[in-house]
Amino acid sequence: MENTVVAVYDNYADAKKAYETLIDAGFSPASVQVNPPSERPAATTGSEQEHTGIRHFFRSLFGMDEDKEQNEVYAESVRRGSYVLTAHADSEAQADLAVEIMNRFEPVDIDERATHWRSRGWSGYDETAPMLTADEIEQERRGYAAGKTGSATLPVIQEELKVGKRAVQRGGVRIYQRVSETPVNESITLREEEITIERHPVDHPASEAEMAAFKEGSMEMTESAEEAVVSKTARVVEEVVVGKEVHDHTETIKDSVRRTDVEVEKMGVSGAGGTMGDDRDFRTHWQTSYGSQGGRYEDYDDAYRYGYQVAGSDRYRNRQWSEMEPDLRGDWESRHPGSTWEKVKDAVRYGAERVTGRGRS
């Protein structure tokens with residue numbers, strides 16, 4: 001990989017602009033690649049094929065085992081939503097041109113990123129780990145930004161108690177209607193006819209009327225009787241009214257809600273790779289070195305912090321100032337085109353020496 005230049009971008013648009021600028025500068029399309037080759041969807045979990053493609057791409061770029069750690073760092077950056085741009089140069093001069101072009105579009109410091117991941121437990125590229133979603137990528141990049149500015153965002157969370165109401169069954173009334181029988185006694189007088197026959201012995205001469213009846217014949221007489229006739233009529237004798245009465249009552253709900261509180265404790269500047277808190281030490285140095293020239297400390301604050309941060313990264317740890325300065329100068333001027341290196345060099349160096357604990361050499 002002697003003439004291969006690699007840069008990592010958080011945005012596909014920046015990677016694409018760098019790619020197009022390299023092509024315009026004379027690089028062949030076959031020698032320049034962006035991985036992934038297109039912008040990822042807003043949310044994805046990453047398939048096994050996608051992981052395999054990433055692994056093979058970086059193995060072909062760096063070799064199988066020669067630089068396994070670098071292979072994993074670039075593969076992990078893609079898993080975390082970044083885009084890797086590679087350019088294969090035919091000469092050292094073309095490689096320098098590739099570096100100059102790629103730096104125009106604000107590539108990320110991949111060594112700084114790897115240090116950030118390791119500080120949060122990352123130990124290497126895991127092919128089974130899913131691609132980060134858009135929300136996870138945004139949250140992680142806020143963490144990068146907080147690390148660069150020396151600030152952190154802590155959410156203050158408070159619970160709210162919301163009391164509503166709902167209808168529940170409290171019981172009720174079920175009404176059954178049954179028919180019952182009750183014996184009833186009623187008295188009634190019935191008339192009944194019965195034919196009676198009486199014979200009386202008599203002895204007298206027959207009269208003319210009696211002689212007229214002196215012939216054969218017959219007569220009939222019928223008997224009649226009254227019978228009891230029973231009929232029933234239904235009468236409404238009572239009404240049962242079923243209804244509801246609604247009553248309101250006030251009930252007091254007792255519960256507790258939680259809240260997180262953030263306490264801020266100031267810490268001083270510590271050396272040998274420690275964390276950077278307030279800037280009193282830097283202000284003292286500025287007063288000594290720059291105060292007589294006029295201006296404000298705020299014009300040099302970024303330079304002190306830049307030196308402090310880069311000296312603590314894996315890339316520059318245990319390196320002398322004379323070895324670090326050329327790289328730092330190029331990086332600073334690419335990030336701060338309006339600031340000259342000679343103006344802030346001493347501030348950057350002092351910030352770096354606060355980490356290494358070494359004096360000037």
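E76 is buried, with a relative accessible area of 1%, where buried means under 20% relative accessible area, exposed over 50% and partly exposed in between (1.4 Å probe, protein chains only). The model is predicted, so that local features need pLDDT of at least 70 and side-chain atom pairs count only at pLDDT 80 or more, while totals for chains, interfaces and linings use all residues. Residues are numbered from 1 along each chain as its sequence is written, and side-chain values use heavy atoms, with hydrogens and water left out.

E76 belongs to helix α3 (residues 68–79), and its side chain makes polar contacts with the side chains of R79 at 2.8 Å and of R80 at 2.7 Å. Residues up to four places away in sequence set aside, E76 also touches W117, W122, Y125 and D126, contact being heavy atoms within 4.5 Å.

The largest nonpolar core has 23 residues, and those with the most contacts inside it are Y300, Y304, L328, W341, V344 and V348. Two or more residues of this core come from each of α8 (280–289), α9 (298–311), α10 (321–335) and α11 (341–356). A second, separate core has 19 residues, including A15, A18, V32 and A89.

L161 lies in the loop between α6 (134–149) and α7 (208–212), and it counts as partly exposed because its relative accessibility is 45%.

Notes
Helix = DSSP H or I, 4+ residues; strand = E, 2+ residues; numbered from the N terminus. Polar contact = N/O pair within 3.5 Å; in protein donor to acceptor, adjacent residues only side chain to side chain. Core = buried A, V, L, I, M, F, W, Y, C linked by side-chain atoms within 4.5 Å.
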